[in-house]
Amino acid sequence: MSHVRVRVVAALVLVAFGLALAAPLEAPAQGGPIKIGFLAPLTGPFAQVGKDMVNGTELYLDEIGRQVGGRKIELIVEDTEGQPATALNKSRKLVEQDKVHVLTGGLLANVGYALQPFIDGAQVPATYPVIAADDITQRKPARWIVRTGWTTSQPMHPFAEWVVKNTKYRKIATIGMDYAFGYETVGGFQRVFEEQGGQIVQKIWTPLNTNDFAPFLSQLKRDADAVLALFVGRLALQFMKQYQEAGLHGKMPLLGGGTTTDESVLPQMGDEALGTITALHYSQAIDTPQNQKFAKAFEAKAGKISSYYSEATYTNMRWITEAIKAVGGKAEDRPALLAALRKVDIKDTARGPISIDAHGNPIQNIYVRKVERVGGRLQNTVIATIPAVSQFWKYKPDEYMKQPLYSRDYPPCKAC
Amino acid sequence: MTPVSLRPLLLRAGLAPVGTIVVAGVLVLVAPTLSAYPLTLLTQAAIVAILAMSLDVLLGYTGLPSLGHAAYFGVAAYAVGILATDYQRGFVTCLVAGLLAATLFAAVFGLLAIRASGTYFLMITLALGMVVWGLAFRWVSMTKGDNGIAGVPRPDLPLPWSLSSPLPFFYFALAAALLAWTLLALLVRSPFGLTLMGIRESESRMRALGYNVWLHKYLAFVIAGAFAGFAGVFWAYYNGFVSPVDVQLVTSVETLLMVALGGPGTLAGPALGAAVIVFLKNFVSVYTKRWLLILGAVYIGVILFAPRGVLGAFRRGPR
């Protein structure tokens, strides 16, 4: 008896496997809608952010009735699990099987670097709305990828200058997550801050799986004027809490990279976040009609406030549809579409005016934001707007790219 | 278990070649009719199958459940990634370096791990796997850290077809998988392999019979590591990308699940398990966001109704 049952189950598994194998044999539909492939982590530790990314994308598509240039838009969303190998597989599926006209999405830097050779090899127009790793538009430029988001160090250069000009902080200790995103954030800040007379007196790197910040916080040099922190997601929440518990809140002013107080985590924070000053190319509190309209619509759709991730994908989809309009809806003409993507110039996005530099990265406003409580909830109030910031800031691109990529040890910490 | 109970096992092993050769033959014939995407998935399945089979030598034949098997896979992949990008070395150099690196790591780690057994073996292999992950993540000047090594070119061999297109590379990977399977099948059927099975059944009895149990386990560990490295070499070429994800715990655990799903102690089983998981992951997730739930249900179903794996269920063996 049990043998029969065992065999039935085993046979079912094999049949299911066979069906899965047979499924891709269906021929993909030809002509018709413009297909856009969207990659996001829908499972795993980054699923919440992935959801924001999908919601932002869908919100814009809904607003334009899911069509552009007289053609319907078909959005195909695939789950990357936040893993490079899976993202590669899904990209192959989107490009080779679904024959998408544009590939977009992605969250983590390693996914961005992994997809780059594939995208350039397949010669499919692609955009990165969120992936911010510096070198994708700098030392290892991708021909077929246009960045519609930002570069990690882009907000930090002008932010450092702003700190020198507007505060008395001259000795700053940094604490950040121990990976490329952390290095590029802290590195960008350090370079400009030290060139303008400031000093980084300490650099602490915390492992990505840190569960307790107390041992790191006790190392912080207490004679520093301020602390620069860079955290993402759950770690940002926990860092803020423990910073207060260690009695540092209010004593050592907190500066940070934009994700430390991003709206994806801000609603779960309490008074411990108040007063934190960060810089990013977006804030949910930007006081322009375009942003207010977007923020309201997003909240109505998603049931939560808009984060930089949702704005990034919303504007990204607008960017793509503008480019499709520019080529008269002929999304099949890949070189023309790529050229159009590299030419987009939009004056009124939710994050402000955007143009694009020769390396495929947006030139856009950087906002210095301070966490305040307004109407009972926390927000990133914009206290300064630095217009038209390039990924190279005031440096010459060629000279800038001759220096090494910001890393754990670059720039070196001379005053540590 | 007495030596008598080994006989049906031998019979089972003897049946395997026919099935495997038929499957491989069908794949060779069907492949040209498939489009690029299913081909790349089949390629992935073939490579991961090598990894699963290598782990099976430990888990299925020697009874050593390793939780750090991705380490040797990843070390080889990193060796290829670094040599092929920074030093522009060809396929043969990369293959040899990858195999050497994996074997070396397995030889050193084996000295530490084989001292333990059961849960302790699990823990120690887990810890050693984390050491390799830490290296991959933190030794940035060598491994490029979290960003990974991108742009590993496909091997440039003196063949009439370019390995950068999907079909030739699939045949290439399939040939590698068949080679690995042949070597491993010979291994597990050799007197050495039979001794391993004896150790799995009763270590103390084998010791009493005069076998050097430690040495056998150690050699099995190193051989399994070398074959994992073999898979890693092809993995680096297949993805064109190597990152800490390739050496992390999740990859090790997934490999364990492939072996358990397919049927430990039946080389073809883990290969089948690898294929099933690769396709479940990539196809079910297209249709539903809840694909992890379905994958979980499959695992539970197999464990409840076919505890010896999908392939094990088809074979009437001693139990």
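Visitor: What distance separates the centres of domain 1 of chain A and domain 2 of chain A?

Guide: The centres, taken over C-alpha atoms, are 27 Å apart. This is a predicted model, in which local features need pLDDT of at least 70 and side-chain atom pairs count only at pLDDT 80 or more, while totals for chains, interfaces and linings use all residues. Residues are numbered from 1 along each chain as its sequence is written, chains are lettered from A, and ligands are numbered from 1, both in the order in which they are written.

Visitor: What makes up each domain of chain A?

Guide: Domain 1 consists of 29-150 + 287-360, and domain 2 of 156-280 + 365-402. Such bounds come from an automatic or database domain assignment.

Visitor: How many residues does each domain of chain A give to the contact?

Guide: Two residues are in contact if their C-beta atoms, placed from the backbone, lie within 7 Å. Domain 1 of chain A supplies 18 residues and domain 2 of chain A supplies 14 residues. On the side of domain 1, α2 and α10 of chain A give two or more residues, and α2(A) gives the most, with three residues. By class, this side of domain 1 has six nonpolar, seven polar and five charged residues. Here Ala, Val, Leu, Ile, Met, Phe, Trp, Tyr, Cys and Pro count as nonpolar, Asp, Glu, Lys and Arg as charged, and the others, Gly among them, as polar.

Visitor: At what angle do α2 of chain A and α10 of chain A pack?

Guide: Two packed helices are described by the angle between their axes and the distance between the axes. For α2 (residues 47-63) and α10 (residues 308-326) of chain A, the angle is about 35° and the axes are 7 Å apart. Axes are lines fitted to C-alpha atoms, for helices over the stretch in contact, and angles run from 0 to 180 degrees between N-to-C directions. Among the residues that meet are A:Val49 and A:Leu59 in α2(A), and A:Tyr309 and A:Met317 in α10(A).

Visitor: Why is chain B described as compact?

Guide: The radius of gyration of chain B is 19 Å, close to the 20 Å that the rule gives for 319 residues, so chain B is as compact as a globular protein of that length. The C-alpha trace of chain B spans about 55 × 40 × 40 Å along its principal axes.

Visitor: What share of the residues in chain B is buried?

Guide: A residue is buried if 20 or more other C-beta atoms lie within 10 Å of its own, exposed if 12 or fewer, and partly exposed in between, with C-beta atoms placed from the backbone. In chain B, 54% of the 319 residues are buried; in chain A, 53% of the 416 residues are buried.

Visitor: How many helices and strands does chain B have?

Guide: Helices (H or I, at least four residues) and strands (E, at least two) are DSSP runs, numbered from the N terminus. Chain B has 14 helices and two strands, and chain A has twelve helices and 15 strands.

How values were computed. Rg over C-alpha atoms; globule rule 2.2 N^0.38 Å.
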